[in-house]
Amino acid sequence: MAGGHFVSQGGSGNYEGRVTPFVVITCLVAATGGLIFGYDIGISGGVTSMDEFLIKFFPSVYRKEKNLSGDSSQYCKFDSHLLTLFTSSLYIAALIASFFASATTRAFGRKVSMFCGGIIFLCGAVLNGAAMNVTMLIIGRILLGVGIGYANQIRGALNIGFQMAITIGIFLANFVNYGTSKMKENGWRYSLAIAAVPAIIMTVGSVFLPDTPNSLIERGQQEKARAMLEKIRGTENVHEEFQDLLEASETSKQVQHPWKNIRQRKYRPQLVITLLIPFFQQLTGINVIMFYAPVLFKTLGFGDSASLMAAVITGLVNVFATLVSIFTVDKFGRRALFLEGGAQMLICQIAVGSVIASVFGVNGEGTFSKSLGNVTVFLICVYVAAFAWSWGPLGWLVPSEIFPLEIRSAGQSINVSVNMFFTFIIAQIFLTMLCHLKFGLFFFFGGFVLIMTTFIFFFLPETKGVPIEEMNRVWKAHWFWGKYIPGDAVGLGHGKPTSHEV
Ligand code: BGC
């Protein structure tokens, strides 16, 4: 099973230890980071599809939706920048906050970062739940975003486990929306305020979160670090591991310029891949479904409750298909999942685009029959499953396993930032794109899926089971990346360039 290690890797690695409460708390707090991220992805679309919410905050969208404004195109019902800002503002705030958060983590440790994240997030949830106007809504979302930027500071946790927590968060949000939509009034307030629950778990958890021995060593507190390691491992027999940690910390001190290092020619494969993978992940179009599924289903003519139910179903598929990835990624490898997932997504996108074209045409006028509506939901589920065992988890896993220490912090930051930036873009422009590109929007994302699948086929070597010290051999052996890797990086020649390199 592919997962993250909460202890430093390297050294002999055969350390004594057991699962102590500290390890459990760390996992719990790391998981709530993913949960709140997922909850916010899933919650906004559901509340936007609730009439009471629209009437209160976006009355012009409500009029369009109910066809009271004379515009009958189904594609443009929800086209409003203010409405999308409600969803997207969170991601731009998270992006900006993550820069401050990593500085905070370096100076004060992740405990302080996670605590700040929890508190800020809590304020956002309260403001959203109590919102009286759009400004309160958007400021609340921005605070949630800042909280998320701070909350995702357990970097070792950005892997498949993180993705699993995200999908559970999205599913819970869909489920909550379905429940609150049945309330007579103020259901949306409950949906938004319930985000406070994981925020409280995170805030309280972070108080008990151990400072990592690593971060204590880096802040010059060796004795404390050793005592902490003993506590975490539940044994006094930590000498060997502690020495390894000291060594690792020395080595990482020599890594002074990760941002400069990553621009070196020999790191070109990692740089390109860490820029493109999160970009492509967002260009699969997944968040069209994750953010706006209920809105999309309403556009297809489903009623309020049926739309939210359909979103619950896609959310559930997302969770279970992620499990498929967890259990197969080390067996079939990353490439197999990427390629199969890409092909499956492409087929579904072409099918969904065609079905919508056949019913709404270019004018956006028409009605879905019940059975065709169900076929569309089924196709969307198959698409979501494909994403959930390929680009979803691998979008976090692959970048995280290709960075050597020298460039690790820069590489991870690029991955997270590019991801947040394009999540913001898609959240902000999707409803406008739907209005203009109509059913063609599904072909647009399908085109990107074709490009990214081709990219994987030619440019991503298999990284399954390759330890980080061996990774250079993989690049060196690659038909394209080989020329960027100097011979001495893989023990060939002695620094002399090979014929490829000159
Ligand atoms: C992506 C999110 C997406 C989620 C869906 C994540 O890997 O980064 O943008 O909403 O998967 O499960």
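A: We begin with a definition: a salt bridge is a side-chain nitrogen of Lys or Arg within 4 Å of a carboxyl oxygen of Asp or Glu. Keep in mind that this is a predicted model.

Q: How many salt bridges does the structure hold?

A: There are eleven salt bridges. In one of them Arg141 pairs with Asp40, with the closest N and O atoms 3.6 Å apart. Arg141 belongs to helix H6 (residues 134-151) and Asp40 to helix H1 (residues 21-48), so this pair ties together parts that are 101 residues apart in sequence.

Q: Are Arg141 and Asp40 buried or exposed?

A: For this we need a cut-off: a residue is buried if its relative accessible area is under 20%. Both Arg141 and Asp40 are buried.

Q: Which residue does Glu241 meet in a salt bridge?

A: The partner is Arg233, at 2.9 Å from N to O. Glu241 has 3% relative accessibility, so Glu241 counts as buried. Arg233 has a relative accessible area of 10% and is therefore buried too.

Q: Where do Glu401 and Arg334 lie in the chain?

A: These two side chains form a salt bridge of 2.8 Å, N to O. Glu401 is in helix H19 (residues 391-402) and Arg334 in helix H17 (residues 334-360), so the pair links distant parts of the chain, 67 residues apart. Glu401 is at 19% relative accessibility and counts as buried; Arg334 is at 3% and also counts as buried.

Q: Which residues are linked in a network of salt bridges?

A: The network consists of Asp51, Glu65, Lys66, Lys298 and Asp304.

Q: How many aromatic pairs are there?

A: The structure holds 34 aromatic pairs. To read one, look at the angle between the ring planes: over 60 degrees counts as edge-to-face. The rings of Phe444 and Phe448 have centres 5.4 Å apart and planes at 65°, so they form an edge-to-face pair. Both residues lie in helix H21 (residues 440-459), four residues apart, which is about one turn of the helix. Phe444 is partly exposed, at 32% relative accessibility.

Q: What kind of aromatic pair do Trp481 and Tyr484 form?

A: Their pair is tilted, with 5.9 Å from centre to centre and 50° between the planes. Trp481 and Tyr484 are both buried.

Q: Which residues lie over the face of a ring?

A: Two cases can be named. Arg335 lies over the face of Phe457, 5.6 Å from the ring centre. Lys483 lies over the face of Phe480, at 3.8 Å from the ring centre.

Terms used: Residues are numbered from 1 along each chain as its sequence is written. This is a predicted model: local features need pLDDT of at least 70, side-chain atom pairs count only at pLDDT 80 or more; totals for chains, interfaces and linings use all residues. Side-chain values use heavy atoms; hydrogens and water are left out. Helices (H or I, at least four residues) and strands (E, at least two) are DSSP runs, numbered from the N terminus. Buried means under 20% relative accessible area, exposed over 50%, partly exposed in between (1.4 Å probe, protein chains only). Rings of Phe, Tyr and Trp (its six-membered ring) pair if their centres lie within 6.5 Å; planes under 30 degrees apart count as stacked, over 60 as edge-to-face and the rest as tilted. A charge sits over a ring if NZ of Lys or CZ of Arg is within 6 Å of the ring centre and within 35 degrees of the ring normal.
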